[in-house]
Structures are given as C-alpha cells and as structure tokens.
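Please read the following briefing alongside the sequence and the coordinates.

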Amino acid sequence: MKDHQNSIPQMIKDLGGACWEPEDVELTEETLQEAHNLGLKVVVWTWPEHSGTTFNADLVSKLIDWGVDGIITDDPEC
C-alpha cells in the first residue's frame, strides 16, 4: 500500500484495474470519489450476515445516492 499512496483505489489503478469492488460497509463517500476520479468503476457488495442485520435498504439507498456504479447482493428481491 505504501507504494500506492496508502490508497486501495490508487493501487488498483496502478496495477491496471478498471473496477473496485469493496464491501458496502467499507466504502466511504471520499474513497468512492477518489476511485471515480481515477476512472475506476465502483461496485459494492452486501453481506447482511457479516454486519449482523438483514438487508439494509437505507445503506443501499445511501450508496446509490453517492453514485456507486453497481451493487452485488445475495437478495435479488430487494
């Protein structure tokens, strides 16, 4: 990470990647903007069992408002 300004999006870009897929709770609005500024697509994934809750529609709505490029979920009815 130190070779990439301690930034996961920067590391992905430097290594030739085009997309970053962080867990929904890992993403911040700032890191999303950084990734987009680097030309990366950002697709988050949800893992309700990991967060100890059911599908969090409020969190997903917030991520959509932030401008994520996609959402991966194991609950397609949501």
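Among contacts in the protein chain between residues at least 6 apart in sequence, 48% join residues at least 24 apart. The model is a predicted one, and its secondary structure comes to 4 helices and 3 strands, which follow one another along the sequence in the pattern α-β-α-β-α-α-β. Of the 78 residues of the protein chain, 29% count as buried.

**Confidence**

- The protein chain has an average pLDDT of 88, and 88% of its residues score at least 70.
- Among the elements of the chain, strand S1 has the highest mean pLDDT, at 98, whereas helix H3, which spans residues 48-51, has the lowest, at 68.
- Where pLDDT is low, the predicted coordinates should not be read in detail.

**The sheet**

- The 3 strands form an open sheet in the order S1-S2-S3, and the pairing is parallel.
- Strand S1 (19-20) and strand S3 (70-72) stand at the edges with a single partner strand each, so one side of each is left without a neighbour in the sheet.
- Strand S2, which covers residues 41-45, is joined to S1 by 2 bridges; in this pairing Cys-19 has Lys-41 of S2 as its bridge partner, while Trp-20 stands opposite Val-42.
- On the other pairing, 3 bridges join S2 to S3, and these two strands also run parallel; Val-43 has Gly-70 of S3 as its bridge partner.

**Helix H4**

- Helix H4 runs over residues 57-66, and its buried residues are Leu-59, Val-60 and Leu-63.
- Seen down the axis of H4, these buried residues fall within an arc of 100°, so they line one face of the helix.
- An α-helix has 3.6 residues a turn, so residues three or four places apart point the same way.
- What covers the buried residues of H4 includes strands S2 and S3, whereas the face turned away from the buried side carries the exposed residues Asp-58, Ile-64 and Asp-65.
- Just after H4, Gly-67 takes a positive phi of about 105°.

**The nonpolar core**

- Which residues make up the largest nonpolar core? This core has 11 residues, namely Ile-12, Trp-20, Leu-27, Leu-32, Ala-35, Leu-40, Val-42, Val-44, Leu-59, Leu-63 and Val-68.
- The elements that give two or more residues to this core are H2, S2 and H4.
- In soluble globular proteins, nonpolar side chains tend to be buried together.

**The segment before helix H1**

- His-4 lies in the segment that comes before helix H1 (8-14), and with a relative accessible area of 16% this histidine is buried, because the cut-off for buried is under 20%.
- Leaving aside neighbours within four places in sequence, His-4 is in contact with Gln-10, Met-11 and Asp-14.
- Gln-5 is found in the segment before H1 as well, but its relative accessible area of 64% places Gln-5 among the exposed residues, for which the cut-off is over 50%.
- Asn-6, likewise in the segment before H1, counts as exposed at 59% relative accessibility.
- Most residues other than glycine have a negative phi, and most peptide bonds are trans.
- Against that background, Gln-5 has a phi near 60°, a positive value in a residue other than glycine, and Asn-6 has a positive phi near 55° and is again not a glycine.

Methods:
Residues are numbered from 1 along each chain as its sequence is written. This is a predicted model: local features need pLDDT of at least 70, side-chain atom pairs count only at pLDDT 80 or more; totals for chains, interfaces and linings use all residues. Side-chain values use heavy atoms; hydrogens and water are left out. Two strands pair if DSSP finds at least two bridges between them. Buried means under 20% relative accessible area, exposed over 50%, partly exposed in between (1.4 Å probe, protein chains only). The arc is that of the directions from the helix axis to the C-beta atoms. Contact means heavy atoms within 4.5 Å. A nonpolar core is a set of buried Ala, Val, Leu, Ile, Met, Phe, Trp, Tyr and Cys residues joined through side-chain atoms within 4.5 Å. pLDDT is the predictor's confidence in each residue, from 0 to 100.
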